Amino acid sequence: MFDLQLDEELELLVETARSFAREELSPRLREAESARGPDPGVCASFAEIGLAALELPEACGGAGLGALARVLVNEELAAGDVGAAVALDPLGPALYPLLELGGETALKELALPLLAREGARAVLVAAADAELEVGADAVSGAVPWVPADRVDLLVVLDSEGAVALQSGIETEPLRGAGLRAAGASALRLQNAPIVARWRGREQAGRALARARLYLASLLVGVLRQTCEFTRDYALQRVAFGRPIAHHQALAFLLVDMHAAVDGARLLLHEAAWNADRGRANAALSATAFIEAIDASRFVGPNGVQILGGHGFMQDYPVEKYMRESRALGLLLGGVDAAREEAGRALCDAGAPVALSELEIV
Amino acid sequence: MEFTIDKAMRERLEEARERGRDEMRPIGLIADRLGRPIPRDDPYFEGLIASGEGRTRWPGLKSKPRPSTRDPLRTVTMTLLLTEEWAYWDRGVMVANPGPGLPEGNVLALGTDEQKEQYLGPFLDPDRPRWACFAMTEPGAGSDAAAIRTHARKDGDHWILNGAKCFIGNASRADWILVQATIDPEKGRDAQRAFFVEQATPGLGGFKIEKKMGLKAYESTSFTLSDCRVPAANLLGGEARYEERAGFKTAMRTFNAGRPIIAANSVGIGRAALDEALDFARERDLLGDSRVRDRLEQMARKLRAGRLLCLRAGWLADRMAPNIVEASMSKAIAAGVAQEATSLGMELLGSVGARGDHLIEKLYRDAKAMDIVEGTGQIQRMIMARHLVQLPRN
Ligand SMILES: Cc1cc2nc3c(=O)[nH]c(=O)nc-3n(C[C@H](O)[C@H](O)[C@H](O)COP(=O)(O)OP(=O)(O)OC[C@H]3O[C@@H](n4cnc5c(N)ncnc54)[C@H](O)[C@@H]3O)c2cc1C
């Protein structure tokens, strides 16, 4: 039956990620942003707790955990500093095509070396977000933005499969709308040699679904932090003789922000839980991603609003949360591609529409 | 963590689906068209009683065990899933269905054994369709439930009630009405008491069935109490219960248990709109249009989130964990989702929606009440804000 209780292993994992984020990430959030990367000490202590290998199979030296573990950890890290969370995971969502399409060989050849290389970054790009010509042996073209300053492995994913590239990738630094702690570059590819090519519609779909969950969990983390920060602020700040949180217009706004994040999180957990059971979850994952983006449009700007003019200033983190949550939702085809997928899935459904696994089917 | 429904529950839902499709929806459409509640002697109600519905959850006194009936639902979560399914077919008919209804929870929680026997006993194995109802709202006080004016005065071993109630579900057909009153209007919540007022008690009268925008299948009724005398024993829980502030809490307990149910009803209404909209779009060959698909996607997504919020509140209740914020959140969000889903459904129908004869148009009217009954959306937000930011009561 319906049960939201996490098992002990996952509880412990969440606790580990949460204290790391609290102690190491959030206090250095502006520092990491201006340095375009987390402090080397932070990177070292992150490597020590081993969260990057969370979803790698045990045969590859990983923890063999799944999507649920990843989204729980990501929420915590992103609540600390979402830019740093992206920077600290050398594989990021680029792991999923390797996992789903490439299998163990690909993981060993392409993913494991990155874990050992300091500062290494794998980047996943949806073919639709770039202008790329994928030839028989090489890829040429441009990617307008990736949240990275270096690319050790580039995985280009489309609905049919993926290709992996390791060289011939030129990075041009950008200012970036957000996530600067992870870097920001445009990519130019000139006959970048394809080191691996995998085909498989179903597997590619699963990889994209997992990648969307990855992004949705980062969104949920940064949005949760927006809610918590603004709540605390609104209880301190006084206007017209009382804490601004006690003016009903703001009190209601705060609870609605909170509810938006709770709804997005529940969708995310349901989709991740399904992914871990190998159930078809392309539409559920797309839905979780869309809802997180929807929440970001509401929560991000209102986070700034609640701080008034102070929110607009960079002395407070809310303007960063607003920019970064907006930027995250533009990755992997953004909301349009996800809506396309979830909408098409509905077209194939008969009444009653199954809202979830809970449905009588 | 788990997101599944077990087999027994699935079977219950299948049954509800059959009854919903074959009986509830057709009879609800008729009531809507005729603009009047289902008559109390309608064979539909008799059929429900014959098939074992309309019973109380109360197991009966130990000395007199209840006649064997089907298992009552074991958990709040299961109840939520079932009421979602009923509301999918017709939320108005669901409320019209006989049974002890809204006040049952209060009586179970606070009633004396004698009161349970007297007022829930007839619902153990009812000889005919029977109803009960809960009357809090008055013309002058709804959200601000502490401001009700219906007055109770002790007179020997009786109470004398005076006042007016409005919008009370099933009031004119109820065997008894649990009436919320005050013994001192100046003292707010602390002075509130609940009384069993049996139908045909002298002084209870002036029943007026309101004309509503939707949910027409059940009666929402106003009535008056003029020097209405009830025995002292009709005070819910007996005198001892009403020390300190327990009086108002009695009422609020009903509301608290009800919030996730209204959330589940909202999801049910919204799901019906989604299915109808999808069928409409398919029949008219509109699914190739991304604006149509986007609306359907939005409906489905918001309903999914609303349902999970609702089940979370129920799951917490089943674990006896505090769920005040989650219960209010589920109701506030799901009611909005139902309104949005039915409204998007109307957009999808275009001018067909404006004809007034499509199911989605009915759902659009029915759904609105979900954001009003058992604490408006604003009141839910106040409750949440009290917990999240300690919003003061005044
Ligand atoms: C179909 C239907 C069935 C019903 N069935 C029953 C029943 O069986 N038994 C029963 O007792 N009642 C019943 N009711 C009544 C229902 O509970 C009340 O209508 C509801 O509580 C709102 O009260 P009100 O109508 O007096 O509105 P008001 O309290 O006058 O509210 C008007 C508006 O002001 C807002 N508001 C009020 N206070 C605040 C505040 N502090 N901050 C911000 N906004 C505020 C409200 O949200 C609302 O938008 C029913 C109502 C309907 C529509």
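Where is Arg36(A) found? Arg36(A) sits in the loop of chain A between helix H2 (29–34) and helix H3 (40–49); helices here are DSSP runs of H or I with at least four residues, numbered from the N terminus. The structure is a predicted model, in which local features need pLDDT of at least 70 and side-chain atom pairs count only at pLDDT 80 or more, while totals for chains, interfaces and linings use all residues. Residues are numbered from 1 along each chain as its sequence is written, chains are lettered from A in the order in which they are written, and side-chain values use heavy atoms, with hydrogens and water left out.

With a relative accessible area of 27%, Arg36(A) is partly exposed (buried means under 20%, exposed over 50%, partly exposed in between, with a 1.4 Å probe and protein chains only). Leaving aside residues up to four places away in sequence, Arg36(A) touches several residues, among them Asp149(A), Pro173(A) and Arg180(A); contact means heavy atoms within 4.5 Å. The Arg36(A) side chain also reaches two backbone oxygens, that of Leu174(A) at 2.9 Å and that of Ala184(A) at 2.8 Å.

Turning to the interface, 52 residues of chain A are in contact with 53 residues of chain B. The area buried between the two chains is about 5,400 Å², and carbon and sulfur atoms give 64% of this (buried area is the accessible area, with a 1.4 Å probe, that two parts lose on being put together, summed over both). Nine salt bridges are counted between chain A and chain B, a salt bridge being a side-chain nitrogen of Lys or Arg within 4 Å of a carboxyl oxygen of Asp or Glu. Arg293(B) and Glu340(A) meet through their side chains in a salt bridge at 2.7 Å, N to O.

Aromatic pairs form the last topic. Over all chains, 14 such pairs are found; rings of Phe, Tyr and Trp (its six-membered ring) pair if their centres lie within 6.5 Å, with planes under 30 degrees apart counted as stacked, over 60 as edge-to-face and the rest as tilted. Phe20(A) and Phe46(A) form a tilted pair, 5.4 Å centre to centre with 50 degrees between the planes. Phe20(A) lies in helix H1 (residues 8–25) and Phe46(A) in helix H3 of chain A, so the pair ties together parts 26 residues apart in sequence. Both Phe20(A) and Phe46(A) are buried. One aromatic cluster is formed by Phe2(A), Trp273(A) and Phe3(B).

Technical notes: Helices (H or I, at least four residues) and strands (E, at least two) are DSSP runs, numbered from the N terminus. A polar contact is a pair of N or O atoms within 3.5 Å; within protein, one must be able to donate a hydrogen and the other to accept it, and residues adjacent in sequence count only if both atoms are side-chain atoms.
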